[in-house]
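This report covers how two parts of one chain meet. The sequence and structure come first.

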Amino acid sequence: MTIKEIIKKFPSEKNLKTQTRPYFNHSIEFKKNFNAEERAEMLEKAGLNVFFFPSVGITGCDFLSDSGTTTMTNEQWAALHQGDESYGSNRGYFILMQKIREIFGEQFFNEPSIEKPNAFIFHQGRAAENALFRTIGQLSKNQTIPSNGHFDTTQANIEANQIKAINLFSSELKDPNSTSQFKGNMNTEKLKKLIQESKEKIPLIYLTITNNTGGGQPVSLKNIKEVSEIAHKNNIPFFLDACRFAENSWFIKNYEEGQKNKSIKEIIKETFSYADGFTISFKKDGLANMGGGLFIKNTGLFMKKYPQIPDELMNYQILTEGHPTYGGLSGRDIMTLCVGLETITKEEYLDHRIKQVQDFGKSLQEKEIPILTPVGGHAIYLDVNKFFQGTKMKPEDFGGIGLTAVLLATYGHRACELGNFAFGSYNPKTKEEKFPEVNFVRFAVPRLRYEKKDLDSVAESLKELYEKRHLIPPIEVIYGKELSLRHFKARFKFKK
Ligand code: F0G
């Protein structure tokens with residue numbers, strides 16, 4: 001009997017309950033050893049603000065962000081050495097041009113020596129956003145940019161340029177009984193109403209894929225197409241905030257009716273075919289530690305409506321970042337990004353990535369810890385209101401801040417409050433707090449960094465914390481309550 005005949009007698013490896021990772025460790029870093037008391041001291045010094053907690057003290061998992069925290073592949077490390085640090089038109093720039101065209105569409109990257117520039121590299125996403133909103137802000141007064149959920153710094157960049165930012169969350173996102181797989185969608189009824197009321201004031205419509213502020217939830221292809229059609233029918237350009245474009249495409253392929261036979265690459269192409277432009281942070285689905293960009297479709301409505309903007313953008317980019325052919329990135333960063341973009345669209349990578357986050361969610365659900373479901377692509381969102389149900393915690397006690405502080409000091413895991421404190425605001429005149437629609441603690445899972453054991457340990461820690469949640473005291477804000485983007489800057493202490 002041949003070995004080929006023998007293997008047919010055994011069940012396929014694909015049927016195993018536990019699948020191996022599609023990669024192995026290439027290089028690892030040992031953590032430092034700190035105990036709970038030492039971590040508590042470090043956190044006290046940081047005014048209980050997890051952003052100021054030294055990362056060397058994190059003995060568990062660091063879920064502060066999935067942005068720029070990826071473990072690079074050996075191919076990316078190798079590409080780093082091929083970085084060309086020339087001041088203009090470095091080798092990587094042309095490879096990146098090719099990759100952007102291949103993945104998102106030819107029309108998003110003109111050859112700058114012969115055509116009008118429409119592709120602008122920046123050092124990270126928010127720099128690209130600021131460039132875009134700054135030039136839009138100069139068009140006229142009282143403008144509004146609607147979104148399915150603006151990210152915090154995106155919203156801040158819009159508002160810093162005197163434009164109003166509006167979130168049109170889907171009704172499913174707020175419905176605890178909804179089993180929709182695409183809670184990240186934009187509420188198109190609300191969008192139509194907004195357009196009816198103030199069409200002339202909307203310079204563009206923005207859709208974030210996946211919807212980070214809206215619980216990291218994906219957006220369906222149907223919704224992307226519908227928003228694009230509504231926008232274009234009303235002569236309004238349509239843009240994507242495309243940070244997690246590959247993860248969003250995985251959800252479309254796996255959960256949206258009629259999409260499963262398309263490849264990830266086909267879904268990405270279709271997604272971007274509806275857009276007139278996009279901003280992106282390559283620190284997420286660029287699988288890079290740094291990088292961002294703004295790409296405008298050369299035949300799109302934005303380019304037709306605002307033909308002067310590309311020149312203004314280029315001037316601004318040269319003033320603040322550098323020549324458009326490196327745009328604030330070193331040649332080696334560009335090279336790692338080119339390789340990262342190739343890896344991110346691979347189905348075996350995405351399958352593993354999203355199932356890891358989903359499994360993490362399942363283990364929390366099994367322990368009855370209240371999280372937003374279905375789980376999105378890059379993070380687990382713990383429902384703070386439900387977590388503290390049955391305790392004396394009030395919204396103005398910022399339970400989410402207390403929870404992250406106790407979790408970090410006791411178990412060494414760093415998560416981030418994205419709720420009543422981060423998205424709320426304080427009015428010094430009325431002395432009142434205004435609370436947002438969502439109140440989460442987010443566990444953003446870095447790409448290719450942790451193993452199942454790490455995440456299981458976090459689930460166990462959270463279970464302990466959940467059972468003793470009544471022991472987490474209310475928070476007092478000792479600095480920064482009234483500041484904008486206050487979660488990055490504030491300091492806290494426990495009451496009593
Ligand atoms: N848009 C979205 C949807 C984001 O999630 C982020 C960053 C940005 C824009 C800005 O990109 O950081 O490169 O300037 N999100 C990170 C996070 C920081 O933790 O969610 P950036």
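On the side of domain 1 that touches domain 2, α14 (347–366) and β12 (440–444) each supply at least two residues. The largest share, 8 residues, comes from α14. That side divides into 14 nonpolar, 7 polar and 8 charged residues. Here Ala, Val, Leu, Ile, Met, Phe, Trp, Tyr, Cys and Pro count as nonpolar, Asp, Glu, Lys and Arg as charged, and the others, Gly among them, as polar. Helices (H or I, at least four residues) and strands (E, at least two) are DSSP runs, numbered from the N terminus.

The model is predicted: local features need pLDDT of at least 70, side-chain atom pairs count only at pLDDT 80 or more, and totals for chains, interfaces and linings use all residues. Residues are numbered from 1 along each chain as its sequence is written, and side-chain values use heavy atoms, with hydrogens and water left out.

The bounds below come from an automatic or database domain assignment.

| Domain | Residues |
|---|---|
| domain 1 | 23–59 + 347–494 |
| domain 2 | 75–343 |

Contact (heavy atoms within 4.5 Å) joins 29 residues of domain 1 to 31 residues of domain 2. There are 5 salt bridges between the two domains, a salt bridge being a side-chain nitrogen of Lys or Arg within 4 Å of a carboxyl oxygen of Asp or Glu. The side chains of E247 and R447 form a salt bridge at 3.1 Å, N to O.
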